[in-house]
Amino acid sequence: MKSLWRDEEAKKCSDDLALRVYTSRLLGRDKSLVLHGGGNTSVKIEETNIFGEPETVLYVKGSGWDLETIEAPGFSPVRLDHVLKLAKLPVLSDPQMVNELTTHMLRASAPAPSIETILHGCLPYRFVDHTHADAVLAISNTANGEQRIREVYGNRCVVIPYLMPGFELARYCAEAFSREKTADTIGMVLLNHGIFSFGANARESYERMIDLVTLAEDYLQSRGALVSEEPSTAVPRVAAPAQALLRKRLSSLVGAPMLMRTVTNARTLAFAAHPDCAGYSQRGPITPDHIIRTKRIPMLGSDVDSYASAYREYFAINEPGAHDRKAILDQAPRVVLDPALGMTTLGRSAKDALVVAELYEHSMDVIRCAEALGGYRPLGQAELFEVEYWDLEQAKLKKSGKPPVFLGEVALVTGAASGIGKAAVESLLARGAAVLGLDVNPSVQNLHQRADYLGLTCDLTDPAKVRASIELAILQFGGLDMAVLNAGVFGESRRIADMGDAEWRRVMAVNLDANLAMLRLIHPFLKLAPRGGRVAVIGSKNVPAPGPGAAAYSASKAALNQLVRVAALEWGAEGIRINSLHPNAVFDTGLWTDEVLAQRAANYGMSVEQYKTRNVMKVEISSHDVAELAAELCGPLFAKTTAAQIPVDGGDDRVI
Ligand code: ZN
């Protein structure tokens, strides 16, 4: 493990808090050190308070911040003298401790200080760094883990037995540290939990962490136990419809739509296919704050029935009487290991499934290192407690009252890079859906940087590309519940007498043929949507009221409209609803270049301004207006509506 410290970067830091941010981010960049809140840092700074008195402030990582992206406001400023007084109390309950820390901060808007704040305060060094390094956990999680850790570190580290994070642990560490530290001590190992380093300045503390973790890695290496597969992607040997079927079964067991993330790579396949996996994957998490229950079920081919019934058995065996949804959600295995798939993780949100996937991929390295070292021996079930992010996620849901209407569901949007499509992505994300956005314009890939958005460049007239895109989304989210079919082209404005075959076919290929191909492709997935499939098709006012000079566009949209009506007839019994929207005069879309706008206006003998507002309500129609209605059409308000054609045009006198 190499130090990432760069003098030129460090020079840009004006004070110790800025340096604290800098080296915290260096730690955060290495996922084998810290992952999703699994680590924290602090710095003690002398300041002058509002009365002109000197006081030392402990800046400690606040909850809700990740070390990789932390900024100065992510550190909670707590009065150090109060922290040290608390550490001397004989008893202090964790709620009391949280209350004392929160009420002794210097900034009311600061995040809640880390549960390990008192521990940071008690270590008598300016900078303190704490990680849950994979290599340290691998050595610690073995039968004679404590002995091995002492062998690795000698006098360099004070070694603390496992205690749950909180006041007891902080007090124990403070006492043990002052009793056992020597002139050589540069760190402290918390067995089955992680490691601390400290120093007089940011660089010393950070580089001691690197040195200490390197010692652990060298120890593993010297015993042939440093296992780490290159996480190159591999093709899963399970068909996408089988994945969607599994998601439907699991969602119905849980009683709510769930997202499934499948990670098939060299690491997950090697872990799940190993002959001892059934044993070591069930022994428990690598550190008690990862309460990620795992289930290893060989799902060969599309044998989803045995898979789902294994889940049913799991609940029956482990949680008799746990019929209530929350209990099932909490108790459900979050990680599924399968020799054909590698790993699949479950979550109510995409973020949830992603966090579990990333945590467990690291667990795989730790478990296989510990196995190679003689046997993985984690702590028993009694020490387990809920992982912090899960509590946070739950708290977020509770705070906002009802969960978002599409939480746990997946939506596809075509033509997602601009206009109505781009707005539809936003409307669906706002309602809690995970969204796959497709567009020929590569900017679709960077529309949103979040776990619940996947943007893929895709020409909808290329069936192989479209299929590959949908399958990628199924791997990432588990299924497909909704589609907003929006992509379309207007074509050149031309009278029928001048219409060439090539132009006609180009418009038909995008507006009609590509939508037929898409409907055919997504039908098996929509059929498996836990709440039933929904499709909103962006039609056009041209369907009921065509315009001169737009033969190809009008004919293609009319044919698409008829296709939607037939789909409603064929798919209604399968619980799939499909409805059309007929927008008109939506000018903030990719379709309406200035040139097209001028041509259309000329066809009606109007100025561009007159053309833009020609509806009976005299209102402008935006992409957002259309997108919101498309999202609502997929929601419970329209639960019993299919084959509807709804105008979004401010009232058009030719349609009325
Ligand atoms: Zn920790």
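**Close-up views**

**View 1.** E207 pairs with R203 in a salt bridge, with 3.2 Å between the closest N and O atoms. A salt bridge here is a side-chain nitrogen of Lys or Arg within 4 Å of a carboxyl oxygen of Asp or Glu. This is a predicted model: local features need pLDDT of at least 70, side-chain atom pairs count only at pLDDT 80 or more, and totals for chains, interfaces and linings use all residues. Residues are numbered from 1 along each chain as its sequence is written, and side-chain values use heavy atoms, with hydrogens and water left out. Both E207 and R203 sit in helix α9 (residues 202-222), 4 residues apart, about one turn of the helix. Helices (H or I, at least four residues) and strands (E, at least two) are DSSP runs, numbered from the N terminus. R203 counts as partly exposed because its relative accessibility is 33%. The classes are buried (under 20% relative accessible area), exposed (over 50%) and partly exposed in between, using a 1.4 Å probe and protein chains only. D7 joins R203 and E207 in a network of salt bridges.

**View 2.** A salt bridge joins the side chains of E68 and K31, at 2.5 Å from N to O. The pair links distant parts of the chain, 37 residues apart. E68 is in the loop between β2 (54-61) and β3 (75-79). K31 is in the loop between α2 (16-29) and β1 (39-48). E68 is partly exposed at 35% relative accessibility, and K31 is partly exposed at 32%. The model has 22 salt bridges by this rule.

**View 3.** R494 and E492 meet through their side chains in a salt bridge of 2.0 Å, N to O. R494 is partly exposed, with a relative accessible area of 27%. E492 is also partly exposed, at 45%.

**View 4.** The zinc ion has the protein donors E116 (OE), H130 (NE2), H132 (NE2) and H193 (NE2), at 2.1 to 2.6 Å. Donors are N, O and S atoms within 2.8 Å of the metal (3.2 Å for Na, K and Ca); water is not among the atoms, so sites may look incomplete. Along the sequence the donor residues follow the spacing E-x13-H-x1-H-x60-H. H130, in strand β4 (residues 127-131), and H193, in the loop between β6 (187-190) and β7 (194-199), link distant parts of the chain, 63 residues apart. Both H130 and H193 are buried.

**View 5.** Y153, I195 and L337 have the most contacts inside the largest nonpolar core, which has 64 residues. Such a core is a set of buried Ala, Val, Leu, Ile, Met, Phe, Trp, Tyr and Cys residues joined through side-chain atoms within 4.5 Å. Helix α9 gives the largest share, 9 residues. The core lies between domain 1 (7-222) and domain 2 (240-399), because both give residues to it. Domain bounds come from an automatic or database domain assignment. Beyond its neighbours within four places in sequence, I195 is in contact with residues including H130, Y153, M188 and M209. Contact means heavy atoms within 4.5 Å.

**View 6.** I474 lies in helix α18 (residues 463-477). At 1% relative accessibility, I474 is buried. Leaving out residues up to four places away in sequence, I474 touches A240, Q243, M260, G479, L480 and F525. I474 and F525 are 51 residues apart along the chain, yet 9.0 Å separates their C-alpha atoms.
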